[in-house]
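Thanks for making time this morning. I would like to walk through one model with you and then take comments.

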There are 2 protein chains.
Amino acid sequence: MSAQTYTEPHRVVYYEADDTGHLTVAMLINLLVLVSDDQSSALGMDTQFVNSLGVGWVVTQYHLQITRLPKLGDQVTLKTKATAYNRYFAYREYWLMDAQGETLAYAEGIWVTMSYATRKIATIPTELMAPYESDQINRLPRLPRPERLDPAATTVVKPYTVRYFDIDNNGHVNNAHYFDWLLDTLPAEFLRTHRPTDIRIRFENEVKYGHQVASEVVPTATKTQHQIKVGNTIAALATVAWTTD
Amino acid sequence: MSAQTYTEPHRVVYYEADDTGHLTVAMLINLLVLVSDDQSSALGMDTQFVNSLGVGWVVTQYHLQITRLPKLGDQVTLKTKATAYNRYFAYREYWLMDAQGETLAYAEGIWVTMSYATRKIATIPTELMAPYESDQINRLPRLPRPERLDPAATTVVKPYTVRYFDIDNNGHVNNAHYFDWLLDTLPAEFLRTHRPTDIRIRFENEVKYGHQVASEVVPTATKTQHQIKVGNTIAALATVAWTTD
């Protein structure tokens, strides 16, 4: 059995692009969640139905491999499938393609169902997975983990306060906003002249409205190591590889 | 002569909505600029052509009257026309309509052309306006001005630092981000239980990457008075009327 794929068209518009005209990473993350949501709704598994089972879908980890980010005005296609799952984890794949069908970015995500009662990971309700025709397997692919920050390295830290508009319908910070915090620690000139090729991120703890977060970065020659902390707790850990091509 | 209208469909998606599921004001502003841009491109007046004349379009003032904000999943229609202009100012109207054609929001905007050489207002190049078939008139409609903050009132102030991703293709802060700063000064509980009905905003001075801004608010019974300051300079002034209907 092979999981159903789902595709939808998208046009990159000005508020999705940075000052070089390229789609931002934060917006790419938004688009991945959007195509997942739209597949789920098309299969009758919309947020309202999921919530009626006392759970909500949450991403715990992403691995993105980016060949090229599309530009303002580009017509692209988003594609996804809920490839496989086991008792606690669902493994989803994503493709971002240009108008000629060439893959611009490939992403993998690990999703869990969080219980609204306990705010902890719950067994994935089987009725939630049936329509996707995902493979039920014991050992899911493991995504490469982001690196722990080198404790000997010099760290740049920027503080951010979680805003009301960072919170989405799920009551916690929209995952895309982590990338605003993560990447804003890098100088504008770096961001204008480098493009991300490989992004690994793990969401370890929830961030909520009003929290003060510290976004920490250790830059090295070809990659940057990042963490988001709330007090002494690591909320997210990420490693980004860059090129100047 | 009457100006050409331009319409386009839009679907409200999850990252455009707040935690109550309603389209955010910041995203509404993004959509107004989007439909303007798309009309301009359709008429051969895209950003590249405008910039080739040494100028860029900038909004100086908006007046929004909102009956109802659409919700997550709603199909809406954006409509605009470049109604009238004179030597220095262009007056544009906007409508946001639901699937039945009912107007959810009506907005008016005043646009100017800014010279890239001087960063000051320039005479609007006549070739820029011709395709819109706008009325050329001496006296444009005047938008109601936002109120100066009551100096005797207690002011709530929140600081923000302009992020790289707040800057758009024009090299200054995307107008929509002002609303993140303006409205985030209000308590989440207020934002969840009130909806804006009338928004007046004037953009008085540019805000740039790295600037520290102070977002100040004076709440009264039925409206809130706002200003964004960079040091002692007022960058934007806004008044928002609210209802709990």
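Let me start with a question: where is the place of A:Tyr88? It sits in the loop between strand S3 (75-85) and strand S4 (90-97) of chain A, where helices (H or I, at least four residues) and strands (E, at least two) are DSSP runs numbered from the N terminus.

Before going on, a word on conventions: this is a predicted model, in which local features need pLDDT of at least 70 and side-chain atom pairs count only at pLDDT 80 or more, while totals for chains, interfaces and linings use all residues. Residues are numbered from 1 along each chain as its sequence is written, chains are lettered from A and ligands numbered from 1 in the order in which they are written, and side-chain values use heavy atoms, with hydrogens and water left out.

A:Tyr88 counts as partly exposed because its relative accessibility is 34%, given that buried means under 20% relative accessible area, exposed over 50%, and partly exposed in between (1.4 Å probe, protein chains only).

Turning to the interface, chain A and chain B bury about 3,400 Å² between them, with 54% of it on carbon and sulfur atoms; buried area here is the accessible area (1.4 Å probe) that two parts lose on being put together, summed over both. On the chain A side, A:Tyr14, A:Arg163 and A:Tyr164 lose the most area to chain B, together 25% of what that side buries.

The rule finds 4 salt bridges across this interface, a salt bridge being a side-chain nitrogen of Lys or Arg within 4 Å of a carboxyl oxygen of Asp or Glu. In one salt bridge, the side chain of B:Glu8 meets that of A:Arg11 at 3.4 Å, N to O, and a network of salt bridges links A:Glu8, A:Asp38 and B:Arg11.

Over all chains the count comes to 22 salt bridges. Among them is the pair of A:Arg119 and A:Glu206, at 2.8 Å, N to O. A:Arg119 lies in the loop between strand S5 (103-115) and strand S6 (121-122) of chain A, and A:Glu206 in the loop between strand S9 (195-203) and strand S10 (212-219), so the pair ties together parts that are 87 residues apart in sequence. A:Arg119 is partly exposed, at 31% relative accessible area, and A:Glu206 is partly exposed as well, at 28%.

Finally, in chain B, the side chains of B:Asp198 and B:Arg200 meet in a salt bridge at 3.3 Å, N to O; B:Asp198 counts as buried at 16% relative accessibility, whereas B:Arg200 counts as partly exposed at 26%.
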